[in-house]
Amino acid sequence: MSVTNGNRFGFGSGVRADSLFRILFGSAVVVAGLLLLGVILSMVASSMPVWDIQTPLSFVFGDRWAGEVTQPDGSIAGNYGAFPVIWGTAVSSLIAILIAAPVGILAAVYLVEFAPRKLAAPLTFLVELMAAIPSVVIGLWAAGDLSIRLRDSVEWWVASTLGRVFPWLSEDPNAPASQSVFRAGMVLAIMIIPMVVAVSREVIRSVPQSLREGFIGMGATRWETIRHVVLPAARVGLTGAVLLALGRAIGETIAVTMVIGNAEGIPSSLFLPGQTIASKIASNYGEAGSPTQVGALAALGICLFALTFLLSLAIRLIVRRSMRQSGRAR
Amino acid sequence: MSFVRLTASDLTKAPSGRDARRRRSDQLMRSVMFATAAAAVIPLIGLITFIAIHGVPFLSSQFILNSPLDKEPGISNAIIGSLQLTIASIIVAAPVGIAGGVYLNEFASPRVSSAGELLIDVMLGTPSILAGLFAFLVVVPALGFSGYAAIVALSVLMIPVVMRTTQEVIRLVPAGVREASLALGIPVWKTTLFVTCRTAASGLLTGIVLAISRGLGETAPLLLTAKGTNDTEILNFGSTMNAMPIVIYRYAYAADKLHIGQAWATALVLLVIALVLNVAVRFRTINSRVA
């Protein structure tokens, strides 16, 4: 070591500097982990006052959000029922997925399999650009324009045909509601289509070209190839794409708050105002003063987190499984 | 097995029966798929047209430069507030996200790395309102509705975006680049900072821009933390602050034409910023799927 000056190249001191560096960078991961832990623990800790006056079961399945009720004997009982908002979240996300999944997947198939190169690039860019638009801007457009168009077209048409048979699709023809669960679902669909397209495109592109060629070589049409080869091969990945988008729909707050109407209770029809978990938190935090009121919102947060967390785990499992499968195929 | 001799006319003549049906359904599905792809673009066009038509009449220099308290009210305090909150949050989130992403790729054992991946997935999947709720439950009781609370909430949302993008681009740096540097006797930390990260620099920037564009557009976490105000606060993170998304949300239901118009105009400004940032990211080499 005497020949060269080790320190000039960082020899000698290097080992200690390296381990310090590792610890420093590793601590960044720890910080991120602690933040996530903080998000969870803060909700659990703040929700404690609610569990003093009611049970988690009565919270999740209670059908009224009445707040604290003073009972005849003077004690305080909680009457926070989250079922209507959980219902609102489930139904609006379901509507969104039912629309976004077929549209997004078919659009992705078109972009990958059929679109001429000159059209594919700009079209993909435009479809996925929607994902970059802030949700409050989408909410403003939805409340001011889209919502009214939907009310006067799809909603009116469905209500005056199917609505006569199914009460949950009916509306008062003289006074249609200015906001509705259905419209929230449509807005969510528009917001998550770019995500379905983006992920589906990757999945479809990764289906080996030789599978397609083999089937086309046997005389199949392009559509038959897609239907019998490409889509089955991409099935797992496409499920992942849809679940990823579902997670986005469940958690979306501001755009939904602006079109869903924030009405208490489970509406009798999809064309009436409702509420989701996220929109409830966003519209109620201002009035939450007492520990139980804040706690009830925190408990809603726990429900929302649980839903999205389970989805994240499910997606991870699916991706793992598909990776193992494709590994075997190779 | 019998061989059928095909002539040119066999290939070009219209198929009949089953084949005709197959061809028809092929063409039908082709059009259906084209229609869905086109339909997916319609909302974007509708949105941009609508916001532009309604927002442009309210755009003026006063609108950008005046505060809501001036005689001709504007949204200068919201623009200043959005910039401050976003910059402050990215100053917190970028080092943590980049360092964490680098660590997971370069140093972590497979088990830690996979746990880190799960952490990023869960954080990316966590609805933004929960980041707001977190700051609302932890920071607001201590400091009140404030810029600090907003920075905490936005950082929680930005860190996983930066971390995921960092991971994706660091992975693309060829091993040979690192090995060459290490073989010269350059210590690991110098190699990581000045060779690996340097090579991936434009990708790291992409992550930061994505995080900034996410931070600029978030509304719910800001409502629960910074709350919004008519005052102009400069570097006063201890007080309530205003931001463009808050203005849009609050003015959208205003009773008077001016405020509703200002909501449209603010949305137009935010829309343009979001589109510019997105286009800037798209035209870089690395096309991340995070946002």
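How far apart do the C-alpha centres of domain 1 of chain A and domain 2 of chain A lie? In this predicted model, the two centres are 39 Å apart. The domain assignment of chain A places domain 1 at residues 1–47 and domain 2 at residues 83–329. Where the two domains touch, domain 1 of chain A contributes five residues and domain 2 of chain A contributes seven residues. On the side of domain 1 of chain A that faces this contact, three residues are nonpolar, two are polar and none is charged.

The contact between chain A and chain B was examined next. Chain A supplies 74 residues to it and chain B supplies 73 residues. Within chain A, helix α1 (residues 14–53) gives the most to the side that touches chain B, namely 20 residues. By class, that side of chain A consists of 53 nonpolar, 15 polar and six charged residues.

In chain B, helix α11 covers residues 201–217. Most of α11(B) is covered, as twelve of its 17 residues are buried. Among them are Gly203(B), Leu204(B), Thr206(B) and Gly207(B). The buried set also includes the run from Leu210(B) through Ala211(B), Ile212(B), Ser213(B), Arg214(B), Gly215(B) and Leu216(B) to Gly217(B). The elements that cover these buried residues include one from the other chain, α5 (135–161) of chain A. From chain B itself, the cover includes α4 (76–106), α8 (147–172), α10 (188–199), α13 (244–251) and α14 (257–282).

Backbone angles were also considered. Asn262(A) sits in the loop that links α9 (254–260) and α10 (277–284) of chain A. Asn262(A) has 20 other C-beta atoms within 10 Å, and therefore counts as buried, since a residue is buried if 20 or more such atoms lie within that distance.

Lys227(B) belongs to the loop between α12 (220–223) and α13 of chain B. Lys227(B) is likewise classed as buried, because 22 C-beta neighbours lie inside 10 Å.

Conventions:
Residues are numbered from 1 along each chain as its sequence is written. Chains are lettered from A and ligands numbered from 1 in the order in which they are written. This is a predicted model: local features need pLDDT of at least 70, side-chain atom pairs count only at pLDDT 80 or more; totals for chains, interfaces and linings use all residues. Domain bounds come from an automatic or database domain assignment. Ala, Val, Leu, Ile, Met, Phe, Trp, Tyr, Cys and Pro count as nonpolar, Asp, Glu, Lys and Arg as charged, and the others, Gly among them, as polar. Helices (H or I, at least four residues) and strands (E, at least two) are DSSP runs, numbered from the N terminus. The expected span of a helix is 1.5 Å times one less than its number of residues.
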